[in-house]
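Biologist: Hi! Could you walk me through this one? I'm new to it.

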Amino acid sequence: MKQEEEDKIVGDLNWDGLHRPRIYYAMTTTFCGLFLSVLDGSICNVALPSIAQELHVSSSDSIWIVNSFQLIIMMTLLPFSSMGERWGYKQVYLRGVVVFTIGSLLCALSHNLPLLVASRVFQGFGASMIMSVNTSLIKLIYPKRRLGEGVGLNATVVAIASVTGPTLAAAILSMASWPWLFAINVPVGIATFILGRKYLPDNAVRRLGHRFNWKEALLNAATFGLFIGCVEAYSHDVPVRWVLCGVVLLAVVGACNSVNAILCFPSTCSRYPSSRCRS
């Protein structure tokens, strides 16, 4: 009986998207947040030589301005997606916009490499929160008959943001210094938050008793972080002993992931029976 109560789904099961004009404001909100988060993954590439020269660091060290941002996104994308299912996609998205905007401001105010990398890590958490629930918000915003159109527009925004980064960076650097690469995110982030708070829909349905699994989230983040970190460390001539330590830690975390999956499998089968589980 308790198990049935935990698996009970409540809410509007017949939800079929938003209607005009709210749908247009909601689309604008998701597109703005996604555009900023994707854009900041590449906008620094053109400016790295200028940033390295101004901060008096080597080119090999300055690459962490980009790597730290992308690494955090890779590590936390799946956990934040699960949080959206548990606490609401709108809530995770809006908090992501806030974190991303504050991180952008901190990046613009950074005066040395460690502070800039730390600010990029903070900014990466916000970008990951935005990206992780963006497609789920598209499913809530668009009617079912237009869902393909929404996903296609979403992919178009990602493509435009990817190719716009270097061009926009060059235009900004021709008129201002590198901190403005991050400062331009602040007004757009504030406008996105205001629009999102008013027009984005809450989760149409939710599952009672669904809890966020912190252990699996940490193991997932550690797996991706150690794997990519070891590759990056090896490519940047980090001493071999440190790379080997990372590989050993990765093996331990991988073993923990496997054990955790084996232990959770029987309970998963009992909650969601299928022909595969019964066999």
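Modeller: Happy to! One term before we start: helices here are DSSP runs of H or I with at least four residues, numbered from the N terminus. Keep in mind that this is a predicted model.

Biologist: Thanks! Which helix is serine 82 found in?
Modeller: Serine 82 sits in helix 5, which covers residues 64-87.

Biologist: And how many helices and strands does the protein have?
Modeller: The protein has 13 helices and two strands.

Biologist: How far apart are serine 82 and serine 132 in space?
Modeller: Their C-alpha atoms are 8.6 Å apart, while in sequence the two serines are 50 residues apart.

Biologist: Let's switch to threonine 30. Where does it lie, and is it buried or exposed?
Modeller: Threonine 30 is in helix 2, residues 22-39. It is buried, because its relative accessible area is 0%, and buried means under 20%.

Biologist: Which residues does threonine 30 touch?
Modeller: Leaving aside residues up to four places away in sequence, threonine 30 touches Tyr93, Asn134, Leu137, Ile138, Ile141 and Leu200.

Biologist: What lies 2.9 Å from a polar atom of its side chain?
Modeller: That's the backbone oxygen of methionine 27.

Key. Residues are numbered from 1 along each chain as its sequence is written. This is a predicted model: local features need pLDDT of at least 70, side-chain atom pairs count only at pLDDT 80 or more; totals for chains, interfaces and linings use all residues. Side-chain values use heavy atoms; hydrogens and water are left out. Buried means under 20% relative accessible area, exposed over 50%, partly exposed in between (1.4 Å probe, protein chains only). A polar contact is a pair of N or O atoms within 3.5 Å; within protein, one must be able to donate a hydrogen and the other to accept it, and residues adjacent in sequence count only if both atoms are side-chain atoms. Contact means heavy atoms within 4.5 Å.
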